[in-house]
Amino acid sequence: MRFQSLGRAATSVSLIHRALLERPLVTSRWLSAKTGLSPATVNKGLVHLQRLAVVHELTAQKRHRIFCYGEYLRLMDQGTELPD
């Protein structure tokens, strides 16, 4: 991915991305527990991923937000459509 252009944040964002591959619908709390990163670092990483159009927020809330790795879900769904 394009994480190298993020400088120091690239390592954190890469960890978050790997966790998103395991679970494409997440909360920042789950990401923090999964990656071992602080909640502040996870939230900064999610901002970077939103700017790169990798994830988007589903809830539009200040707390208990849910993030989605939509493109990954679309790829996983290809070929699973029901016939007309």
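Reader: What covers the buried residues of helix 2?

Author: In this predicted model, the cover includes helix 1, strand 1 (25-27) and helix 3. The residues of helix 2 that lie buried are Trp30, Leu31, Ser32 and Thr35.

Reader: Which residues have the most contacts inside the largest nonpolar core?

Author: A nonpolar core is a set of buried residues such as Leu, Ile and Val, joined through side-chain atoms within 4.5 Å. Here the largest one has 19 residues, and Ile16, Leu20, Leu31, Leu46, Leu49 and Val55 have the most contacts inside it. Helix 1, helix 2 (28-35) and helix 3 (39-51) each give two or more residues to this core. Its largest share, five residues, comes from helix 1.

Reader: With which residues is Leu20 in contact, leaving aside its neighbours within four places in sequence?

Author: Leu20 is then in contact with Val26, Leu49, Val55, Tyr69 and Tyr72.

Reader: Is Ser12 buried or exposed?

Author: The cut-off for buried is under 20% relative accessible area. Ser12 has a relative accessible area of 16% and is therefore buried. This serine, Ser12, belongs to helix 1 (residues 10-22). Apart from its neighbours within four places in sequence, Ser12 is in contact with Leu37 and Thr41.

Note on methods: Residues numbered from 1 in each chain as written. Predicted model: local features only at pLDDT ≥ 70, side-chain atom pairs only at ≥ 80, totals over all residues. Heavy atoms only, no water. Helix = DSSP H or I, 4+ residues; strand = E, 2+ residues; numbered from the N terminus. Buried < 20%, exposed > 50% of the residue type's maximum accessible area, 1.4 Å probe, protein only. Contact = heavy atoms within 4.5 Å.
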